[in-house]
Structure formats: C-alpha cells, structure tokens
Amino acid sequence: MKKQFNRMRQLANQTVGRAEKTEVLSEDLLQVEKRLDLVKQVSHSTHKKLAACLQGQQGTDLEKRSKKLPLTILAQCMVEGAAVLGDDSLLGKMLNLCGESEEKLAQELLVFELQIERDVVEPLYVLAEVEIPNIQKQRKHLAKLVLDMDSARTRTSYQRTCTTLWPKK
C-alpha cells in the first residue's frame, strides 16, 4: 500500500514538474513505441481480412477442408454428371475431363491456402495478439520500475537533505 502511494505521489510530482523524471527510452525507441499501436492495428485487420479471403475453413483437417471447397463440389458434380451420361457421349467425356481438371485446381488451391495460412496468417496473428501485447506489457512494467527507482531516489535525497539540515544528536 505504501509502495503504491509512493508511486502515485512520484507520478504526480513528475506530472506537475516538481520531480525529475528519468528517461529510459531514446527518441528513436519512443517513435517506435508510438508506431507499435499502428502496427498492431494494421496486422490485426490484415489478418482478419486475409482469413476471410480463404475459401477453406481454417484449422480443420485437410480432407474436410477439401470437401467444402466450391471447386471440389463443382468437380464432384461434373464427374457424377459424366457418369450419368456415360463415356460414350461427347458431353460425358468433356464433363469427366473438366471434373478431373477442377479437382486438380481445388487441390492446388488447398495447398496454396495452407501455405498462406502457415506463412502469413498465423505469423500476423502471433504478431498482433501475442508479440505486440507482450511488448506493451513489458513497457508498462518498465515504466513502473522506473517510477519506483525515481521514487526511491527522491526519498534518499530527501533523507540526506534532512540529515544534513537536522543531524541526529
């Protein structure tokens, strides 16, 4: 309780200008800290929009993801249509060939989306939701420690002044 009171008093004195404030971060680091919120905001919104662009469902296994792709559904419909018409008809052969092509396209899209998710979406999420909040938490902790240090320095200098003015007998 006393420590919190001393912190608040020191903070008030620094705000008013009666106590000196230790600057721990250089000008460059202060500018970087200001941009940190912007980076968090941009990476969060980019992650959200990029995840919305992916056609497959994130986090599900490969087979479930593949079955829900529109290209896979189209390919399956074409192959079934070709089976109904038979290999004798030109339309049946064409539908079968197109269905196989669509299936290959769906598999390529799936591989591409998995790679995007692994290389871009997940790192953006980690940056926005883990790394930047951790940096901000450490910065607040540093500010608290600097405030404690300034408070202790002020108290010690006050005690020295008091002992020089009024020595103990």
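Contact here means heavy atoms within 4.5 Å, and that is the sense in which residues are said to touch on this tour. The model is predicted, so local features need pLDDT of at least 70 and side-chain atom pairs count only at pLDDT 80 or more, while totals for chains, interfaces and linings use all residues. Residues are numbered from 1 along each chain as its sequence is written, and side-chain values use heavy atoms, with hydrogens and water left out.

**The whole chain**

Of the 169 residues, 22% count as buried, where buried means under 20% relative accessible area, exposed over 50%, and partly exposed in between, with a 1.4 Å probe and protein chains only. Switch to a surface view next: the chain exposes about 12900 Å², of which carbon and sulfur atoms supply 61%, the areas coming from the Shrake-Rupley method with a 1.4 Å probe and, for residues, only the protein chains shown counting as cover. Among the contacts in the chain with a separation of 6 or more, 68% are between residues 24 or more positions apart.

**Helix α2**

Now select residues 27-53, which make up helix α2.

Show the side chains of Leu36, Ser43, His47 and Ala51, which are the buried residues of α2. Stay with His47, which counts as buried because its relative accessibility is 16%. What does His47 touch, not counting residues up to four places away in sequence? The residues are Val121, Leu124 and Tyr125.

From Ser43, move across to Pro123: the two are 80 residues apart along the chain, and their C-alpha atoms are separated by 9.5 Å. Pro123 is found in helix α5 and is partly exposed, at 40% relative accessibility. With residues up to four places away in sequence set aside, Pro123 touches Glu117 and Arg118.

**The salt bridges**

The whole structure holds four salt bridges, a salt bridge being a side-chain nitrogen of Lys or Arg within 4 Å of a carboxyl oxygen of Asp or Glu. This tour visits some of them.

Select Arg139 and Glu33, whose side chains meet in a salt bridge of 3.0 Å, N to O. The pair links distant parts of the chain, with Arg139 in helix α5 (residues 90-165) and Glu33 in helix α2, 106 residues apart. Arg139 is partly exposed at 26% relative accessibility, and Glu33 is also partly exposed, with a relative accessible area of 30%.

Go next to Glu117 and Arg65, where the closest N and O atoms of the salt bridge are 2.7 Å apart. Because Glu117 lies in helix α5 and Arg65 in helix α3, the pair ties together parts that are 52 residues apart in sequence. Are these two residues buried or exposed? Glu117 is buried at 9% relative accessibility, and Arg65 is buried with a relative accessible area of 2%.

Within helix α3 (residues 62-68), select Lys67 and Glu63, which are four residues apart and therefore separated by about one helical turn. The closest N and O atoms of their salt bridge are 3.4 Å apart. Lys67 is exposed, with a relative accessible area of 54%, and Glu63 is exposed at 53%.

Leaving aside neighbours within four places in sequence, Ser66 is in contact with Thr72, Gln107 and Leu110. Gly56 is 10 residues from Ser66 in sequence and 7.2 Å away in space, C-alpha to C-alpha.

Finish on the surface with Leu85, Leu91 and Met94, which form a nonpolar patch with about 270 Å² of accessible area together. Patches are made of residues with over 30% relative accessible area and no salt bridge, like charges being joined within 9 Å and nonpolar side chains (Val, Leu, Ile, Met, Phe, Trp, Tyr) within 5 Å. Met94 lies in helix α5 and is partly exposed, at 40% relative accessibility.

Key: Helices (H or I, at least four residues) and strands (E, at least two) are DSSP runs, numbered from the N terminus.
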